[in-house]
Amino acid sequence: MQLIAHLSDLHFGQSNPEMTAAVHDQLEKLQPELVVVSGDLTERARRGEFLQARDFLSSLPGRKLAVSGNHDVSHWSMFGPLTNPMRRFRRWVEADPAPCYHNAGMLVLGVNPARHDTDQIHLTAAEAESVRKRLCSFKEPLFKIVAIHHPFDLRECYAQRELVGAARLTLEKLASCGADILLTGHFHHGHASGSVSRYQIPGRSTLVVQAGTATSLRSGSQPNSFNLIRLEPPLIQVEVLGWDPRLATFATLTSNTFKRTPGSGFQMETSFPH
Ligand SMILES: [Fe+2]
Ligand SMILES: [Fe+2]
């Protein structure tokens with residue numbers, strides 16, 4: 001069994017220190033193989049916020065893979081517009097614009113669109129094709145996982161315009177190369193679904209795992225949360241841990257197990273081996 005901790009929308013600069021410490025302590029106990037952060041590590045892409053993010057990530061156990069969010073793009077500095085709006089993110093969080101982690105059981109690709117400083121983004125056809133090729137270059141039975149800040153698929157209560165542009169085309173490309181899981185963030189609202197998709201992609205579906213915000217003071221209608229993803233082929237368990245203010249820790253909110261079924265995507269299962 002392999003364990004991934006999926007954090008998102010940490011928003012250092014407007015984060016809750018008690019929650020930050022609790023995430024650290026819980027991951028220290030859990031010892032995940034990999035910590036994936038799906039963007040918005042900072043609130044306003046300030047230097048001090050990135051330094052907090054860097055120190056926090058380096059304090060966590062396991063390998064790290066982070067992609068940037070719209071809040072991590074620098075627009076201005078005291079010297080005028082930054083020539084490279086991703087400079088701080090690259091310097092202090094993740095130097096590789098296309099980070100990758102793989103071992104015998106999983107492949108995780110991080111995707112950073114060239115321009116994503118607003119709520120709405122799209123991957124260009126060339127960017128989507130590049131991700132597809134990277135996925136295809138690894139042969140199954142690996143679990144193939146893609147991390148990106150903005151969502152490709154959401155529950156029906158969200159509008160189409162809130163998704164990544166050309167989301168269906170891109171999802172079809174990724175699914176054709178066996179993308180099993182998409183890890184996303186941005187809305188500060190978590191959910192996981194393998195079957196409730198607005199897209200019916202023939203022959204394959206991808207489990208969409210949306211993380212809430214782990215530590216932001218702007219948590220919206222859900223408590224702050226992060227995800228634990230356990231991989232035990234052909235099963236994937238997605239456990240959502242939500243903030244419990246009485247206990248001052250994160251406790252299980254939901255836990256769902258999905259079974260990868262060749263040719264028909266994922267089905268819900270009732271148990272996961274521990
Ligand atoms: Fe955010
Ligand atoms: Fe965002």
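This is a predicted model: local features need pLDDT of at least 70, side-chain atom pairs count only at pLDDT 80 or more; totals for chains, interfaces and linings use all residues.
Two iron ions, ligand 1 and ligand 2, sit 3.6 Å apart, and Asp40 coordinates both. Elsewhere there is one disulfide, and strand β7 (residues 106-110) is largely enclosed by the rest of the structure, because five of its five residues are buried.

**The iron ion (ligand 1)**

- Four protein donors hold on to this ion: Asp9 (OD), His11 (NE2), Asp40 (OD) and His188 (NE2), at 2.0 to 2.4 Å from it.
- The angles among the four donor atoms run from 88 to 176°, so the arrangement around ligand 1 is irregular.
- His11 comes from the loop between β1 (2-7) and α1 (17-30), while His188 comes from the loop between β9 (179-184) and β10 (191-193), so this pair ties together parts of the chain 177 residues apart in sequence.
- His11 counts as buried because its relative accessibility is 0%.
- His188 counts as buried too, with a relative accessibility of 9%.

**The iron ion (ligand 2)**

- Here the protein donors are Asp40 (OD), Asn70 (OD1), His149 (NE2) and His186 (ND1), and they lie 2.2 to 2.3 Å from the ion.
- Along the chain, the donors of ligand 2 follow D-x29-N-x78-H-x36-H.
- This site is irregular as well, with angles of 89 to 156° among its four donor atoms.
- Asn70 and His149 are both buried.

**The disulfide and another cysteine**

- A disulfide is a covalent bond between the sulfur atoms of two cysteines.
- In this model, the partners are Cys136 and Cys177, with an S to S distance of 1.4 Å.
- The two cysteines are 41 residues apart and link distant parts of the chain: Cys136 belongs to helix α4 (residues 125-136), and Cys177 sits in the loop between α5 and β9.
- Cys136 is partly exposed, because its relative accessible area is 27%.
- Cys177, on the other hand, counts as buried at 4% relative accessibility, which is under the 20% cut-off.
- Cys100 counts as partly exposed, given its relative accessibility of 37%.

**Strand β7 and its neighbours**

- Side by side along β7, residues face opposite ways: Met106, Val108 and Gly110 point one way, Leu107 and Leu109 point the other, and all are buried.
- Strand β6 (residues 100-102) runs antiparallel to β7, and three bridges join them.
- Getting from β6 to β7 takes a hairpin of three residues.
- Within that pairing, His102 stands opposite Leu107 in β7.
- β7 also pairs with β8, this time in the parallel sense and over five bridges.
- There, Met106 stands opposite Phe143 in β8.

Note on methods
Residues are numbered from 1 along each chain as its sequence is written. Chains are lettered from A and ligands numbered from 1 in the order in which they are written. Side-chain values use heavy atoms; hydrogens and water are left out. Donors are N, O and S atoms within 2.8 Å of the metal (3.2 Å for Na, K and Ca); water is not among the atoms, so sites may look incomplete. Four donors count as tetrahedral if all angles lie between 85 and 135 degrees; four count as square planar and six as octahedral if opposite donors are over 155 degrees apart and all others between 65 and 115; anything else is irregular. Buried means under 20% relative accessible area, exposed over 50%, partly exposed in between (1.4 Å probe, protein chains only). Helices (H or I, at least four residues) and strands (E, at least two) are DSSP runs, numbered from the N terminus. A disulfide is a pair of cysteine sulfur atoms within 2.5 Å. Two strands pair if DSSP finds at least two bridges between them.
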